[in-house]
Amino acid sequence: MHAMWRRLRGGMLLLVLVGGGCAPTFEPEIPVLRATPPRPFDAWPADPPDNPTTPAKVALGWQLFYDPRLSGNGRLACVDCHRPELAFGGPDAVSFGVGGTRSRRHSPSLVNAGYWAMHFWDGRAPDLESQARAVLVEPSEMAIEPAELERRLAASPGYRSPFGAVFGVERPGVEEVARALAAFERRLVSGGSDWD
């Protein structure tokens, strides 16, 4: 595992989160955000006006990215289709959702997704927030009912404080989850490798 991170840190992929290991616990320390983007980029991906990036929001998104409770059956997390060792992309030609349902397309890499003007292979989502929101409720992907997601998060002591601090809500739902995931994904950028 450490060898993989050395290779990634050596230039192939630069994660701007600093933490222990690949998967966070469900109460991670807040990762450190770099003050400037890695080379060769001149600027971080632009934040939407209603979702400014903060270290606490990125930490919450990171936590949610690894949490299978975001799926209908409680067994599938975002990281299952967007794997760090594959530049946050998928290993299969066609991705699988909850219960082994087959989606129509491959899970693309999330590296540099914050710079894209469109998301999904067909470009139907204009931003990362819309993309994350759609994946959560899509029957062939995460397949969770919004009310069930809200119930699970409200029942989790590890989420009450972070969601309250970041969004000022006691009962987070799909909207807050999508915004936190998008903030995390905007900090997955490449740069500084020999290729760059």
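Lys57 sits in helix α2. The model shown here is predicted. Lys57 is buried, yet this residue has no salt bridge. Which side chain of opposite charge is nearest to Lys57? That side chain is Glu129, and it is 7.3 Å away. A salt bridge needs a nitrogen within 4 Å of a carboxyl oxygen, so Glu129 does not qualify as a partner for Lys57. Leaving aside residues up to four places away in sequence, Lys57 touches Asn51, Pro52, Val166, Phe167, Arg179, Ala180 and Ala183.

Glu129 does have a partner elsewhere. Arg186 forms a salt bridge with Glu129, and their closest N and O atoms are 2.8 Å apart. This pair links distant parts of the chain. Arg186 lies in the loop between α7 and β2 (188-189), Glu129 lies in helix α4, and 57 residues separate them. Arg186 is buried, at a relative accessible area of 4%. Glu129 is buried too, with a relative accessibility of 4%.

Phe167, one of the residues touching Lys57, belongs to helix α6 (residues 157-167). The buried residues of α6 are Gly158, Tyr159, Phe163 and Phe167. They cover an arc of only 95 degrees around the axis, so they lie on the same side of α6. On the other side, Pro157, Ser161 and Ala165 are exposed. What do the buried residues of α6 pack against? They pack against α2 (55-65), α5 (146-154) and α7 (174-185). After α6 comes Gly168, with a positive phi near 70 degrees.

Helix α5 holds a charged pair of its own. Arg151 and Glu148 meet in a salt bridge, 2.7 Å from N to O. The two are three residues apart in helix α5, which means about one helical turn separates them. Arg151 is partly exposed, at 44% relative accessibility. Glu148 is also partly exposed, at 25%. Salt bridges with shared partners join Glu148, Arg151 and Arg152 into one network. The whole structure has seven salt bridges. Another of them joins Arg83 and Glu85, at 3.0 Å from N to O.

Now the rings. There are six aromatic pairs. In one, the ring centres of Phe88 and Phe184 are 6.5 Å apart and the planes meet at 70 degrees, so the pair is edge-to-face. Phe88 is in the loop between α3 (78-81) and α4 (128-137), while Phe184 is in helix α7, 96 residues apart. Both residues are buried. Ring pairs also tie Phe65, Tyr66, Phe88 and Phe184 into a cluster.

How values were computed: Residues are numbered from 1 along each chain as its sequence is written. This is a predicted model: local features need pLDDT of at least 70, side-chain atom pairs count only at pLDDT 80 or more; totals for chains, interfaces and linings use all residues. Side-chain values use heavy atoms; hydrogens and water are left out. Buried means under 20% relative accessible area, exposed over 50%, partly exposed in between (1.4 Å probe, protein chains only). Helices (H or I, at least four residues) and strands (E, at least two) are DSSP runs, numbered from the N terminus. The arc is that of the directions from the helix axis to the C-beta atoms. Contact means heavy atoms within 4.5 Å. Lys and Arg count as positive and Asp and Glu as negative; His and the chain ends are not counted. Rings of Phe, Tyr and Trp (its six-membered ring) pair if their centres lie within 6.5 Å; planes under 30 degrees apart count as stacked, over 60 as edge-to-face and the rest as tilted.
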